Structures are given as C-alpha cells and as structure tokens.
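Here is a short report for someone meeting this structure for the first time. Look over the sequence and the model, then read on.

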Amino acid sequence: MATEKVFPMTQAGKEKLVQELEYLKSVKRKEVVERIKIARSFGDLSENSEYDSAKEEQAFVEGRITTLENMIRNAKIIAESEMAADSVSLGSSVTFIELPDGEEETYSIVGSAEADPFEGKISNDSPIARSLLGKKVGDQVTVQTPGGEMSVRIVSIK
C-alpha cells in the first residue's frame, strides 16, 4: 500500500484549511444543491446550461472538500522549536536581495498546502525555497528558475 503524502504546515495554515473546509461543507455545498434544484425546474436537462454549470461547480466543491480533508488528515505541524534559528528552514521568514542590485524581498517558507506567493508565502518545493533551505545570513545563493539563473544574498532569517 502506498503511503500518503505528508503536508507540512504551520498551525495557522492548518486552521485556515479547516475554516475553508467548514465553509465548503456548511455553506457552499448547500448553495450548489439549491442551484441544481432550481436548474432542474427549468425542464429538459439535456440542453440546460444552468444545470450543467451547477453540476460542474458541485464536482469542484466535492473535489476540494476531499483534497482539504486529505491535507488536514496528513498535516504535519511545524513547531517553532523545530526551526533552525541560524539557517533557512521550513517555517522561516527569509529576506534576500537579488544581485547585483535588486530590491529586498521577504518570503515565508511554508508547506505546499499553505503557499500563497501574493501573501509572501512560498512552497518549500519551489525553486527559490529549495535553493535557500539550509543557508545562513550572508550566504550568496544561485537559484535555478524557469526564467534562468538568479543570484541572491540572504539578509535576514526570522
């Protein structure tokens, strides 16, 4: 039997997933069922775009519920005590400068389940995070990105 994937995440990340799951189960699922009921009342289902749309949304919602349940069940909470204080690790917030003369950028390294680049949270599986993990303040790191190589210098780790 295959082992299930473990999803490393912070406690806050897990709580966010639990809230999303609760919303999908208690609110969104009922809304979609109501849309299906209304669409059925329009008659012939073979040419009923409202019905098709509602059924597609239902499939998406149910799929997301299954995914969230799996992620929560297989969550591994990253405790602050597990994080190395002097090097980049899962759960760290790292600030770096792109060389030769880029601006400072700060990202938190989190598990893939809670990654959100727009909120400054990048997955530990991303090229940048993989290159930074284990490095220390002052280290110059070459990052392989889909757009080519990028060099950065680590300014701080929290």
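Leaving aside its neighbours within four places in sequence, which residues is N48 in contact with? The answer is A39, F42 and G43. Keep in mind that this is a predicted model.

**Around N48**

N48 is found in the loop between α1 and α2. Is N48 buried or exposed? Its relative accessibility is 4%. Buried means under 20%, so N48 counts as buried. N48 also caps the N-terminal end of α2. Its side chain reaches the backbone nitrogen of E50 at 3.2 Å, and the capping atom is a side-chain oxygen.

**Helix α2**

Helix α2 covers residues 49-73. How does the distance between its end C-alpha atoms agree with its number of residues? At 1.5 Å a residue, its 25 residues should span 36 Å. The end C-alpha atoms are 36 Å apart, so the two values agree.

The buried residues of α2 include Y51, A54, E57 and V61. I65, L68, M71 and I72 are also buried. An α-helix has 3.6 residues a turn, so residues three or four places apart point the same way.

| Element packed against by the buried residues of α2 | Residues |
|---|---|
| β1 | 7-9 |
| α1 | 11-40 |
| β2 | 75-77 |

**The sheet**

An open sheet of five strands has the order β5-β4-β3-β7-β6. Its pairing is mixed. Which strands stand at the edges? They are β5 (121-123) and β6 (140-145). Each has a single partner strand, so one side of each is left without a neighbour in the sheet. Neighbouring strands of this sheet are turned by 45° against each other on average, direction ignored.

β6 pairs with β7 (residues 148-157) in the antiparallel sense. Six bridges join the two strands. For Q140, the bridge partner in β7 is R153.

**The whole protein**

The protein has three helices and seven strands. From the N terminus on, the elements run β-α-α-β-β-β-β-α-β-β. Why is the protein said to be more spread out than a compact globule? Its radius of gyration is 21 Å, well over the 15 Å that the globule rule gives for 158 residues, so the protein is more spread out than such a globule. Along its principal axes, the C-alpha trace spans about 65 × 35 × 30 Å.

Of the 158 residues, 32% count as buried. Among contacts with a separation of 6 or more, 49% come from residues 24 or more positions apart.

Notes: Residues numbered from 1 in each chain as written. Predicted model: local features only at pLDDT ≥ 70, side-chain atom pairs only at ≥ 80, totals over all residues. Heavy atoms only, no water. Helix = DSSP H or I, 4+ residues; strand = E, 2+ residues; numbered from the N terminus. Expected span 1.5 Å × (residues − 1). Buried < 20%, exposed > 50% of the residue type's maximum accessible area, 1.4 Å probe, protein only. Contact = heavy atoms within 4.5 Å. Polar contact = N/O pair within 3.5 Å; in protein donor to acceptor, adjacent residues only side chain to side chain. Pairing = 2+ DSSP bridges. Axes fitted to C-alpha atoms, helices over the stretch in contact; angles between N-to-C directions. Rg over C-alpha atoms; globule rule 2.2 N^0.38 Å.
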